[in-house]
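Subject: The structure we talked about

Hi,

Here is the structure I promised to pass on. Have it open while you read the rest of this email.

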Amino acid sequence: MENKDWKEECAVVGVYNVANAASMAYYSLFSMQHRGQEATGISSSNGEKIVTIKRKGLVTEVFDNESLSKLKGFSAIGHNRYSTAGEDSMADAQPIFARYDLGQVAIVHNGNLTNAKEIKQELIRDGAIFQSYMDTENLIHLIARAKQENLVDRIKEAILHLRGAFCFIILSRKKMFVIRDCNGFRPLSLGEIKNADGSVGYIVASETCAFDLVGAKYLRDVAPGEMLVFSQKGMQSYNIMPPNPYPCVFEYVYFARPDSHIYGNVVYNIRKAMGEELALENPIEADLVIPVPDSGVAAAIGYSQKSGIPFELGIIRNHYIGRTFIEPTQQIRELKVRLKLNPIKDLIENKRIIVIDDSIVRGTTSKQIVKILRDCGAKEIHMKISSPPTISPCYYGVDTPDISELISARMSNKEVCEFIGADSLSFLSLEGLKRSVGLKDYKFCQACFDGKYIL
């Protein structure tokens, strides 16, 4: 993984009509820890009140048996956070809880509202007081100020004010509401849970890997523009916005876990197909194909199988470096990449090496990887990237660097190759990415690759 400052997107989960719903939310968040490691939280309802626990840290650091025992109830929502909008503070951790004229409500959100500043300024002019920097808090105020008598209609009205990427899960004392934006930028899936008494419960999560862990059955994706309402009467579906699907293709490239189903496909298969396409588009003679772990593994397998060049795990990743590991000083910055990645010299020495990674953002880590392979005696180093060059930042829920920091936005491929010190550098084409996904109606948001923004 190139040191991307692609911070993983947030993860959301909602569980309804399940005993000890908070425990199921906990395990779901654990399975989606890769989407955010800054803070985590769960709100639960027993039908009378909502209880929320949230703190900075990983899921296993924030919750234990004692804290989960306080989260009683048949419904729960949860969130793993990384910051797309907002500051690094506990006020910006989710779920957001509020009391208003209809009772209590808690909200979790994955995405980024592109008109959040305008809405916030208007609300403040009307007297609203904000407690956080999060764009998510806009929805609380919009719901509270709506004139409708029931929460369903208030949510419908509030949502129509929003633009951008959003997957919202809203918990009231007795119901749960799920909304996905009309473009379906971020993934959101619906699953079913068979309870011991024969009743049916439901789970909604950012990735289906959450379903696998808790034994839920995947039913379908929440449709773009759809709102689901869960109550003791069951599940109801409303189309509250005309759908115009443009899901984020970078979920396939990097964000999602390989074992998840995203937009109807297994992520691992798509990444492997990207490697196969890369081999067809960019053949070269070499002795070994090695991935940058862990993000380049599936594509490297695909490249190896299509090219016939042997696959080896020539770089080993240390998975046990915690979030609080001390940042190296300027004097030992050259060692930074070795904290996580260490090559196997006996495999690499005097070999022509193809190195597969999923993307290059700033190029600094790719440069360090090439250097450590050179230091191990690699004869040739050919860097191949299983996605197109990243030339534009994302505004739909991914915290990408400014365009001035994107190396492919300011350098040609030849210049990037010279910067990282490789013998050659090649990227998968947009057409190759389209073939890898394999969908006839290819209509993804690929603004990071082509600069064409949907909104």
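Predicted model: local features only at pLDDT ≥ 70, side-chain atom pairs only at ≥ 80, totals over all residues.

Let's start with strand β8, residues 176–180. Here 5 of the 5 residues are buried, so the strand is largely enclosed by the rest of the structure. Both of its faces are covered: Met-176, Val-178 and Arg-180 point to one side, while Phe-177 and Ile-179 are on the other.

Now have a look at helix α14, which covers residues 413–420. Which of its residues are buried? They are Val-416, Cys-417 and Ile-420. These three cover an arc of only 100 degrees around the axis, which puts them on the same side of α14. The face turned away from that side carries Lys-414 and Glu-418, which are exposed. Among the elements that cover the buried residues are α12 (364–375), β20 (380–385), α13 (407–410) and β21 (424–427).

Next, a loop residue. Asn-282 sits between α9 (267–281) and β16 (288–291). Is Asn-282 buried or exposed? Its relative accessibility is 16%, and the cut-off for buried is under 20%, so Asn-282 counts as buried. Leaving out residues up to four places away in sequence, Asn-282 touches Tyr-303, Lys-384, Ser-426 and Phe-427.

On to the aromatic rings. The whole structure has 17 aromatic pairs. In one of them, the ring centres of Tyr-252 and Phe-444 are 5.8 Å apart and the planes are at 75 degrees, so this pair is edge-to-face. Tyr-252 belongs to helix α8 (residues 250–255) and Phe-444 to the loop between α15 (430–437) and α16 (447–450), so the pair ties together parts that are 192 residues apart in sequence. Tyr-252 is buried at 0% relative accessible area, and Phe-444 counts as buried at 6%. There is also an aromatic cluster formed by Tyr-16, Phe-74, Tyr-202 and Phe-230.

Rings meet charges too. The charged end of Lys-120 sits over the ring of Phe-130, 5.0 Å from its centre. Lys-367 does this with Phe-419, at 4.5 Å from the ring centre.

Last up, the salt bridges: the structure holds 16. One of them joins Glu-207 and Arg-35, with the closest N and O atoms 2.6 Å apart. Glu-207 is in the loop between β10 (200–205) and α7 (209–214), and Arg-35 is in the loop between α1 (21–31) and β2 (39–45), so this pair ties together parts 172 residues apart in sequence. Glu-207 counts as buried at 0% relative accessibility, and Arg-35 counts as buried at 1%. They are also part of a salt-bridge network that links Arg-35, Arg-186, Glu-207 and Glu-251.

Another salt bridge connects Asp-375 and Lys-371 (3.1 Å, N to O). Both residues lie in helix α12, 4 residues apart, about one turn of the helix. Asp-375 is partly exposed at 45%, and Lys-371 counts as partly exposed at 40%.

Cheers

Conventions
Residues numbered from 1 in each chain as written. Heavy atoms only, no water. Buried < 20%, exposed > 50% of the residue type's maximum accessible area, 1.4 Å probe, protein only. Helix = DSSP H or I, 4+ residues; strand = E, 2+ residues; numbered from the N terminus. Arc of directions from axis to C-beta. Contact = heavy atoms within 4.5 Å. Phe/Tyr/Trp six-rings, centres within 6.5 Å; stacked < 30°, edge-to-face > 60°. Lys NZ or Arg CZ within 6 Å of the ring centre and 35° of its normal. Salt bridge = Lys/Arg side-chain N within 4 Å of Asp/Glu carboxyl O.
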